[in-house]
Amino acid sequence: MNLHELLFSLCRDLTLVVDVQSLKIITASPGCYSLFGYPILEGQSIEELECALSDAFYWEDVRAGLLRPLENVEGLYRCQDGEIISVEKSILPMQYDDQSVLAIQLKRTDSEKTNNLALESTLALLKATLESTADGILVTDLNNGIINFNRRFAEFWSLSEQLLLQGDDAAVYRTMLRRFRRRQTGREFIVSARDAREQETFMLLELKQQRWLECRSRPQIVGEQIQGRVYTFADISARMLAEEQLQEAMKRADAANKAKTDFLNHMSHELRTPLNAILGFAQLMQEEGCSPHEEKVDLMLKGAWHLLGLINEVLDLARVESGHIDLQPTTVHVLGIIKECSAFVRPMAEARHIQLDDFCDSISVQVLADPRRLRQMLLNLLSNAIKYNRPQGKVWLSVHVEENTVHIDVHDSGMGISNSDQERLFQNFNRVGQTQNIEGTGIGLAFSRKLAQLMQGNITVTSQLGEGSCFRLSLPQALTANDATNAERATPTTAPGVLHILYVDDDATNRLIVKSSLKKQQNTRIETAESGTEALQRLPMATFDLLIVDMNLEDMTGIDLLKQLPSADLPGAPVRFMLSASDNPEVRAQAKAVGVRRYLTKPLNIKEFIEAIEEIRHHPH
Ligand code: ADP
């Protein structure tokens, strides 16, 4: 020990020397050991001993290179046993052996002050925590007396500092009440929270100026006693506004959708009605043989059917896009529907010298689909395969099942589609490749894919330019048979007799078309009624096998007329058909509900109409 060390060891002062770089204690006088109680102080960080906020700031500065002397400032030291003692300290920056050090001289101050300081420090910490939360906080005693709150709380309720400093709790509550959009809600809030006792509460509070607060309250429990309540408030105005806007937008979208549907139904009706007369009379003229105008009538009919097809396609597309399409998925035999559709397009294939091979492995696969729409999709794929083929080309089908999905592949040896065009085919009105001389609108595939997707399936394409394409219709497999939906269902037949029909329509053109179309049908007697009232009078006077009702009668709707009749299920009740210019799914459903067996749309397809009548003759029940 040299002389310096000897002197230092005898020194009664509390002195610590700290390295500026590491902030570690280099040496400490013996008094420090007995005061703080640590067995070793050398090597300890000074920041572990000093614990006042101002101390922390000082050492932060030192770390940043700012060496300041301090004289007689207050500070706190943590002893080894956890006790905090207060000191008065001076710090002097010095050089020792080329090393920058800080010499700290301490003096202990009285212990009461230490306690006060510690308490102050705890309270400051609590206050800082209260203020740093994003929520507004209010603490009350059991009588709703305000014990504590934070600045956020005052902000949320727009409570002035002056009001809060008055210490008049009733005035604070009155001001809070004034902020509510409805005072009654405010009163309920104050009462319900007060009466909740050990319960937790949650309320949404609507304030003036479109402001919303979410309030939760809990009992404040000290020891095992409820001392009061703690309320937390969160400002959720932005969220509520966004929700309100979303609901508004949804309402507007619903209204727009309804307007669109109404427009579609109206258009459908308006466009089909005049076509009904054109197609009806042209078909009759064709049947009656109208030389020398046969060719012209043929062309007229072709044009009119084409126009009807276009109208239907556009309306269908609009319906499927607005989600207003009525799908009734049932179990459908794939093979049956393939045979049916290929029989339908065979004349088209033959006319173009295209070989159509509808042979599929005769597995009895069934899919879950709306039969009418499945037919429509398959016909679209088959007719495309024929239309976009080459002369003497081929069209063939294959079916296979993969993980409960049935894939129906329509292959063709046609011109093929480039990779870049393959996705574009499924967009509305897009036609690709050499389509100038081929009839089409570019709607079919877009519509069919949307339909397939609505039935939990899809339509995809693979193609090789110049070699051909394969369009795949995938649909969920139906695992149980539902024979009732099958086209080949068997119902007992009765011997054909005279079929007695009553047709109700207020439109003379329609009455003429229907009557004329049945002229050549043997064993068929048709009577007409011009209004719902007339039909109601005539029905009990004779036995009719079939009642055909127009949807829009002048004095009532066809549905209303049918509702007034005895149930369609009663023995001897006539079979019900409905004829309508509108193909509205809602009306179809209503018609079904009043016992309509066939819903026929105008313009009337006479061939289909006669087939439907013949079916009734053979299967009346
Ligand atoms: P449309 O046949 O009325 O034009 P679609 O929507 O059915 O409308 O088909 C869209 C387009 O896809 C067609 O115009 C045609 O360019 C192309 N396409 C469809 N099927 C085939 C096919 N099998 N081979 C080649 N191109 C096809």
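Helix axes are lines fitted to C-alpha atoms over the stretch in contact, and the angle between two of them runs from 0 to 180 degrees between N-to-C directions. Two packed helices are described by the angle between their axes and the distance between the axes. In this predicted model, helix α12, covering residues 334-351, packs against α13 at an angle of about 35 degrees, and their axes lie 9 Å apart. The crossing of α12 past α13 is right-handed.

On the α12 side, the residues making the contact include I337, I338, C341, F344, V345 and M348. Among their counterparts on α13 are L374, L378, L379, L382 and I386. Classified by residue type, this contact comprises 13 nonpolar, two polar and three charged residues.

The largest nonpolar core contains 45 residues, and L374, L378, L382, I408, F471 and L473 have the most contacts inside it. Helix α13, residues 371-387, gives the most to this core, with seven residues. In soluble globular proteins, nonpolar side chains tend to be buried together.

The surroundings of L473 can be followed in detail. Leaving aside residues up to four places away in sequence, L473 touches L374, M377, L378 and L381, together with V406, H407, I408, A452, N458 and I459. A second, separate core has 26 residues, including A28, L35, Y38 and C79.

Within α8, residues 169-179, the buried residues are A171, V172, Y173, T175, M176 and L177. The N-terminal end of α8 is capped by D168, which places a side-chain oxygen 3.3 Å from the backbone nitrogen of A170.

Notes: Residues numbered from 1 in each chain as written. Predicted model: local features only at pLDDT ≥ 70, side-chain atom pairs only at ≥ 80, totals over all residues. Heavy atoms only, no water. Core = buried A, V, L, I, M, F, W, Y, C linked by side-chain atoms within 4.5 Å. Buried < 20%, exposed > 50% of the residue type's maximum accessible area, 1.4 Å probe, protein only. Helix = DSSP H or I, 4+ residues; strand = E, 2+ residues; numbered from the N terminus. Contact = heavy atoms within 4.5 Å. Left-handed = near helix turned anticlockwise from the far one by under 90°. Nonpolar A, V, L, I, M, F, W, Y, C, P; charged D, E, K, R; others polar. Polar contact = N/O pair within 3.5 Å; in protein donor to acceptor, adjacent residues only side chain to side chain.
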